[in-house]
Amino acid sequence: MSKVAFPITIVDCIDIGLELEKIQNKLQSYYDEYEDDLYLLHKNKIDYISKFTKINNDEIYKNINFDFSQSGILFEILRPLKE
């Protein structure tokens, strides 16, 4: 194995003169062009609920606008979904 010609150093954005907040704002503007992935959001809700109770209603999977409060699931389980 050959030796490294220069030592490995750790630098952060300040050391190399980058303003992280400006970079984040610039990148965020590119993502603003895209819509939210509603299917993924719905799937995450189902995955969360399935940790607490068995889902017997197939409609919950098919309908992306499913009203979880009408499914008989305890309010305490649904509360984080509303926040």
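Modeller: A patch here is made of residues with over 30% relative accessible area and no salt bridge, nonpolar side chains being joined within 5 Å. Keep in mind that this is a predicted model.

Colleague: Which residues form the nonpolar patch on the surface?

Modeller: Val-11, Ile-16, Leu-18, Leu-20, Ile-23, Leu-27, Tyr-30, Tyr-31 and Tyr-34. Together they have about 950 Å² of accessible area. Take Leu-27, found in helix α1, residues 20–31. Leu-27 counts as partly exposed because its relative accessibility is 45%, and the band for that class lies between 20% and 50%.

Colleague: Which residues of α2 are buried?

Modeller: His-42, Ile-46 and Ile-49. The general idea comes in two steps. An α-helix has 3.6 residues a turn, so residues three or four places apart point the same way. In this model, the buried residues of α2 fall within an arc of 65 degrees seen down the axis, so they line one face of the helix.

Colleague: How many salt bridges does the structure hold?

Modeller: Two. To count, a side-chain nitrogen of Lys or Arg must lie within 4 Å of a carboxyl oxygen of Asp or Glu. Lys-43 pairs with Asp-47, with the closest N and O atoms 2.9 Å apart. Both lie in helix α2, four residues apart, about one turn of the helix. Lys-43 is partly exposed at 35% relative accessibility, and Asp-47 is partly exposed at 33%.

Colleague: What does Lys-22 meet in a salt bridge?

Modeller: Glu-19, at 3.9 Å from N to O. Lys-22 is exposed, with a relative accessible area of 56%. Glu-19 counts as partly exposed at 48%.

Colleague: Which rings form an aromatic pair, and at what angle between the planes?

Modeller: The structure holds one aromatic pair. Tyr-48 and Phe-52 form it, 5.1 Å centre to centre. Their planes are 65 degrees apart. The pair is edge-to-face, because planes over 60 degrees apart count that way. Tyr-48 itself is partly exposed, at 22% relative accessibility.

Colleague: Where is the place of Asn-65?

Modeller: In the loop between α3 (59–62) and α4 (75–82). Asn-65 counts as exposed, at 66% relative accessibility. Asn-65 and Tyr-39 are 26 residues apart in sequence, with 9.7 Å between their C-alpha atoms.

Notes. Residues are numbered from 1 along each chain as its sequence is written. This is a predicted model: local features need pLDDT of at least 70, side-chain atom pairs count only at pLDDT 80 or more; totals for chains, interfaces and linings use all residues. Side-chain values use heavy atoms; hydrogens and water are left out. Helices (H or I, at least four residues) and strands (E, at least two) are DSSP runs, numbered from the N terminus. Buried means under 20% relative accessible area, exposed over 50%, partly exposed in between (1.4 Å probe, protein chains only). Rings of Phe, Tyr and Trp (its six-membered ring) pair if their centres lie within 6.5 Å; planes under 30 degrees apart count as stacked, over 60 as edge-to-face and the rest as tilted. Patches are made of residues with over 30% relative accessible area and no salt bridge: like charges are joined within 9 Å, nonpolar side chains (Val, Leu, Ile, Met, Phe, Trp, Tyr) within 5 Å. Accessible areas come from the Shrake-Rupley method with a 1.4 Å probe; for residues, only the protein chains shown count as cover. The arc is that of the directions from the helix axis to the C-beta atoms.
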